[in-house]
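Good morning, colleagues. Please bring the model up on your screens, and I shall take you through a few of its local details.

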Amino acid sequence: MDSVAAEQKLLIEIQNVCYDYGYGDVLKDVSFPINSHDFLAIIGPNGSGKTTLLKIILGLLKPRLGEVTIMGKTVEEFADWKKIGYVPQKATHIDSLFPVSVKEVVAMGIQSSRRFPRRTRGEDICCISRALQQVGMGEYKNRRIGNLSAGQQQRVFIARALANHPKILMLDEPTTGVDAKTQEHFYDMLQRLNREKEITIVLITHEVGIINKHVEQVACLNQTLVYHGSHDEFCRSDEFKRMLADGHHLVSHHH
Amino acid sequence: MEVFFLYGFFQRAFLAGVFIAIACALLGIFLILRRDAMIGHGLAHVTFAGVALGLYLNVMPLAVALFVAVVASWIIMKLKVKAGLHGDTAIAIFSSVGFALGILLVTLSQSFNVDLFSYLFGEILAIETSEVVFSIVLAFVVVLLVVVNYHKFMYMTFDRESAKASGIKVDRLDGLLTVLTAVTVVLGMKVVGILLVSALVVIPAAAGLQVASNFKQAIVLSTFISITSIVIGLVLAFLLDLPASGSIVLLSFLAFGILFVFRRSRR
């Protein structure tokens with residue numbers, strides 16, 4: 001029988017991507033693939049171009065050079081964006097007074113991918129409940145989003161992405177400022193989604209020293225791609241030691 | 001109550017008022033949450049230039065105002081995105097330039113008269129049948145377009161970047177929202193006049209937002225407050241011989257005040 005690895009398909013290909021904001025390169029000639037079933041962490045210190053790269057993949061920014069293909073299509077051609085669930089950096093940009101319930105936030109994901117709107121009912125409501133249960137937020141569906149903790153809001157955003165049955169989840173700094181125990185639960189949940197639902201997970205983080213054991217692949221950025229490969233090998237690599245020595249671990253696991 | 005409806009002018013005012021009230025409340029919610037509450041105020045001033053131009057050229061001021069407001073709204077939006085001006089600078093500039101232009105044109109056309117005053121202070125009880133039809137059709141189109149794009153507007157207002165990443169054409173919808181606002185401001189001008197129209201867009205929505213715990217509630221409550229203020233305002237204006245515009249705006253402010261106090265006392 002073929003191994004699991006052999007069944008992996010190329011989902012996203014990043015090819016020679018360069019980007020600058022007008023004051024020097026933020027990304028220089030970055031290339032690496034993202035395959036189905038990957039659990040990939042894109043890491044690197046602040047200013048290393050992680051978020052920029054994520055935005056390029058999502059079509060929010062246009063690279064100066066190079067291109068990104070998603071499921072065989074260039075970002076410009078790609079139209080099936082609901083297959084890519086984006087989970088933004090938590091809470092920071094959300095207006096806490098915004099009158100929207102958890103249920104409504106998840107419904108945004110489903111409804112916005114429709115050409116013509118229809119009322120949220122029946123099958124949609126089941127889909128919303130299921131997505132919320134998958135992230136352990138089933139009981140909160142009528143709560144106002146602004147009344148939840150940052151970690152809970154993060155889960156709701158994941159549910160919003162899950163409601164569209166994505167192939168990939170992209171998370172921007174999902175565990176910044178979250179305590180170790182909650183973080184562990186969070187990664188367990190991501191691993192379940194990765195293994196059981198076969199969702200490819202891509203997350204970016206600047207906390208180099210505390211990449212969770214669930215992460216399988218690492219792409220380490222510092223304007224250029226300095227490492228791409230398995231997590232275990234990365235932990236033994238010189239690059240990792242150098243980054244730790246440079247103080248890029250930032251947040252310790254045991255505090 | 002039936003006695004009012006025996007009067008044709010009251011029926012007309014009532015019908016047009018209700019439709020415009022719905023359009024104002026719906027847009028108001030999105031504008032406030034987008035921190036664009038002042039755009040109604042700015043466009044109202046630009047609308048004054050449009051009315052003045054209509055009076056000057058002696059063609060339907062309402063139609064000219066509509067055209068001018070839509071064009072201005074488009075320019076304001078483009079300036080906001082591309083000119084690198086801070087926040088609502090574009091609105092502030094357009095609002096005063098619009099008014100200055102209006103004053104100039106009104107003086108040139110020597111139309112400092114009752115006609116102009118009806119645009120400044122509103123005269124819904126004197127609305128003509130053709131204007132009622134015009135207002136209802138336009139208000140209906142505004143409401144329809146907001147309903148069709150409801151989830152997308154909500155998504156991009158709540159979390160613009162994620163909305164964009166999910167494939168929503170946010171720039172195009174920004175444009176649509178701005179143009180719809182311009183149309184609504186011109187319609188609202190017939191009800192409460194240029195000087196008070198921004199209140200019609202902002203206050204009922206702000207009132208609804210005081211107590212709503214979800215988006216649907218905010219929409220329903222604001223629309224209810226908007227309609228009730230207009231209906232009761234019209235009745236009071238008719239019975240007590242008060243100006244309809246002032247009554248309508250003060251009533252919506254009353255609703256806002258009550259809900260504001262209610263929210264503060266709940267804490």
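How many of the 6 residues of strand β9 (residues 217-222) of chain A are buried? Before I answer, please note that this is a predicted model, in which local features need pLDDT of at least 70, side-chain atom pairs count only at pLDDT 80 or more, and totals for chains, interfaces and linings use all residues. Residues are numbered from 1 along each chain as its sequence is written, chains are lettered from A and ligands numbered from 1 in the order in which they are written, and side-chain values use heavy atoms, with hydrogens and water left out.

The answer is 5, so β9(A) is mostly covered, where buried means under 20% relative accessible area, exposed over 50% and partly exposed in between, with a 1.4 Å probe and protein chains only. Strands are DSSP runs of E, at least two residues long, numbered from the N terminus, and two of them pair if DSSP finds at least two bridges between them. Strand β3 (residues 39-43) of chain A runs parallel to β9(A), joined by 4 bridges; A:Ile42 has A:Ala219 as its bridge partner there. On β10 (residues 224-230) of chain A, the pairing with β9(A) is antiparallel, over 6 bridges, and A:Asn222 stands opposite A:Thr224. The hairpin of β9(A) and β10(A) has 1 residue between the strands, and A:Gln223 takes a positive phi near 70°.

I turn now to A:Arg64. This residue counts as partly exposed because its relative accessibility is 45%. Beyond its neighbours within four places in sequence, A:Arg64 is in contact (heavy atoms within 4.5 Å) with A:Cys18, A:Tyr19, A:Asp20 and A:Asp25. Its side chain makes polar contacts with the side chains of A:Asp20 at 2.8 Å and A:Asp25 at 3.2 Å. A polar contact is a pair of N or O atoms within 3.5 Å; within protein, one must be able to donate a hydrogen and the other to accept it, and residues adjacent in sequence count only if both atoms are side-chain atoms.
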